[in-house]
Amino acid sequence: MTSNPTASFTLPRRDLLGIEGLSPQEIIGLLDLAEEFVLLNRQVEKKRATLRGRTQINLFFEASTRTQASFEIAGKRLGADVMNMSVSTSSVKKGETLIDTAATLNAMHPDVLIVRHSASGAVELLARKVDCAVVNAGDGAHEHPTQALLDALTIRRNKGRIEGLTVAICGDITHSRVARSNMLLLQALGAQVRVIAPPTLLPKDIDRFGVTVYGDMREGLADVDIVMMLRLQRERMNGSYVPSVKEYFHFWGLDEAKLRYARPDALVMHPGPMNRGVEIDSAVADGAQSLIREQVEMGVAVRMAVLDALSRNLPNA
Amino acid sequence: MHEPRPAPHPTLLAKARILDPSRDLDIHGDILVADGVIKDIAPNLADGLPPDTEIVDCRRLVAVPGLVDMRAFIGEPGAEHRETLASASQAAAAGGVTTIICQPDTDPVIDDPAIVDFILRRARDTAIVHVHPMAALTKGLEGREMTEIGLLGAAGAVAFTDGTRSIGSAQVLRRALTYGRDFGALIVHHTQDASLAGEGVMNEGELASRLGLAGLSKAAETIVFERDVRLAAITGGRYHAASLTCADSLDVLRRAKDAGIDVTASASINHLTLNERDVVGYRTFFKLTPPLRAEDDRVALVEAVAEGLIDIIVSDHNPQDVEVKRLPFSEAAFGAVGLETMLAAGLRLVTAGALDLMTLIRAMSTRPAERLGLPAGTLRPGARADIALLALDEAWILDPLTLKSRCRNTPFDEARFEGRVVRTLVAGRTVYEYV
């Protein structure tokens, strides 16, 4: 293993709990750092020693194979000892139990905790109770900062910029942490953000987020540079929020016909896993305008950048 | 949408009193109908007519826009023994109704675009008036999951309702109002709290106590309506109360309209012309949902129609066969037929001086067409020639055996009326003529 000669960016904070509170300079610093890890990850020798001797615990109260694997690879490539802990939410529903978990973990002296939880704010609560760095890997409908960073990196690499682009975020905005983090990040870097959704899936007063709101896909997609689709959870499909999969796909699913309303060079994104035939048509998901696989690659690089940047604040770093 | 074939030749409705609420027009003159539309209206159009024009002498008759009945329960599909689209359309034509809005509580329920399509095709093939379905608001009318409002609307559903079922869950109604908003969907709701209604079969009060029948309180209506108005306000959805019956609900409606909330309401012709005392004798033809109320509520309803607070009058046509009506009052089915008698019963209010004819026709034709966005309810030149001709001074007694509906459960059994429909035109074609 070799040391990292180029990366020099430091986040002036212990934790990464959300995009909210990050300055544009900090976001750009993380993206620049991630670019270096993209190059590293494409080499045969992918390892750095940044986190050698450090312990990273992935604490997932909610199942997520992709994100967990992405953080695991990121930590291992930076030389950390990575341990995965999956905790059933049913046994830790109460705040006291979460704090008990934190105290137990704290006694094991980890250096970095990667936390996902189904309750908004749970990660922040945990962060207050432990001594190590905490990265939010998704808390409820609140934030998913590394997803927004990887989306931004993917956009920047393909469009050369973020400022001045028009990005449409489509689907279940109400329950989406991905949407919230992206709205904050993209606007911080000067993009115009639109949200497109049935009104039952739009949070109250969403227009106060500085975004433009559309109910109609064709209107909302007109002349956009980026179409960002969101996953529709199964429990929203059965008439409680939208009448049916068939109706949702007809009006809000991204197919080639609707995509034609966007700019000819528009690019399509999705945080995965996709419901093909629900929010996105296979022809679009696998088509030439799709960046969905590239997003996964950028995910590892961005998480390495976050871990790297935070590691500089760790005690004895 | 299906358009009935226009008449093969032009028709001149000569020397009629022409009453068109869409323009506040009340004049004497001629109406020339050709190619299914109203070509011209003027004091005298007799000169220069095409040679094959049929001339109808309309002296002593009033020409009004064909009625649009927003609430008719029809058994097809699933209960054709009660009513079919064909028989309902015959009854409608005899009552001056040129557009029927059928309700979704059929079997299967109209909660799928394919069933909307079936109704429209079936109506095209068998009905002599225009038929538009309302689709179910929730799947299977179960009050839990909303239907495909967008696809159903695209298939031809003109509004969304659970018929005589009231939605208990405020959250379900809220989401439906919210979701339907961007589609411009009109949500029509039967305002009756099921837990308060309980086993009630007639208006709660002294009379019910005397008759030993379980009462159904006005509060069951007003509480749900008040809730619905608040949901309409916070969602911005389009809301219509299917059938209001009492003064307390009118207070809620007035406040809602004053506040600019997109709320409208209907009253049924039964609640405007009958009251709870008609139930005396346990006559099941007067067992209706919501139940007939006290006289002061009836008077308040009529006044609300007169001032335009109640927007729409409906027939609440609900055919029930003898099997379910010839039973003890508490066990009998709710509902009465009404398509053929709606106008005649309404004319009682005009004769009594409680309503003017313009207001009556507006509430039975122009307003429902406007609220549903249908091309009807007007005699404007260029409009589709859906016209009813009325003889206001003709006295008659209703013989239930002459009813065209498949069921004869009418509360106006052997009632005396003054004024009747003598001819009905749908897209210029005469579909009913009284001889």
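A polar contact is a pair of N or O atoms within 3.5 Å; within protein, one must be able to donate a hydrogen and the other to accept it, and residues adjacent in sequence count only if both atoms are side-chain atoms. This is a predicted model, where local features need pLDDT of at least 70 and side-chain atom pairs count only at pLDDT 80 or more, while totals for chains, interfaces and linings use all residues. Residues are numbered from 1 along each chain as its sequence is written, chains are lettered from A and ligands numbered from 1 in the order in which they are written, and side-chain values use heavy atoms, leaving out hydrogens and water.

**View 1. B:Asp228 and its polar contact with B:Tyr239.** The side chains of B:Asp228 and B:Tyr239 are joined by a polar contact of 2.6 Å. Look for B:Asp228 in helix H7 of chain B, residues 219–235 (helices, H or I, are DSSP runs of at least four residues and strands, E, of at least two, numbered from the N terminus). B:Asp228 is at 0% relative accessibility, so it counts as buried (buried means under 20% relative accessible area, exposed over 50%, and partly exposed in between, with a 1.4 Å probe and protein chains only). Setting aside neighbours within four places in sequence, B:Asp228 is in contact with B:Leu173, B:His189, B:Thr191 and B:Tyr239 (contact means heavy atoms within 4.5 Å).

**View 2. An open sheet of five strands in chain A.** Follow the order E7-E6-E5-E8-E9, with parallel pairing (two strands pair if DSSP finds at least two bridges between them). At the edges sit strand E7 (212–214) and strand E9 (267–269) of chain A, each pairing on one side only. From one strand to the next, the twist averages 20° (axes are lines fitted to C-alpha atoms, for helices over the stretch in contact, and angles run from 0 to 180 degrees between N-to-C directions). Strand E8 of chain A, residues 226–229, is joined to E9(A) by three bridges, and A:Val227 stands opposite A:Val268 in E9(A). Helix H5 of chain A (residues 145–159) lies across E8 and E9 of chain A, at about 165° to E9(A).

**View 3. Strands E1 and E2 of chain A, side by side in parallel.** Six bridges link E1 (residues 55–60) to E2 (residues 81–86) of chain A. One pair to pick out is A:Ile57, standing opposite A:Met83 in E2(A). To get from E1(A) to E2(A), the chain crosses through helix H2 of chain A (residues 65–77), and this β-α-β crossover is right-handed (with the strands pointing away from the viewer, the path from the first strand over the helix to the second runs clockwise).

**View 4. Two cis peptide bonds in chain B.** A cis peptide bond joins B:Asp107 and B:Pro108, with omega about 5°. B:Pro108 is in the loop between strand E7 (97–102) and helix H2 (113–126) of chain B. From B:Thr289 to B:Pro290 the peptide bond is also cis, with omega near -10°. B:Pro290 is in the loop between helix H9 (269–273) and helix H10 (295–306) of chain B.

**View 5. Positive phi at A:Asp223 and at B:Asp316.** Though not a glycine, A:Asp223 has a positive phi of about 65°. A:Asp223 lies in the loop between helix H7 (217–221) and E8 of chain A, and is exposed, with a relative accessible area of 53%. B:Asp316, not a glycine either, has a positive phi of about 55°. B:Asp316 is in the loop between strand E16 (312–314) and helix H11 (322–325) of chain B, and counts as buried at 7% relative accessibility.
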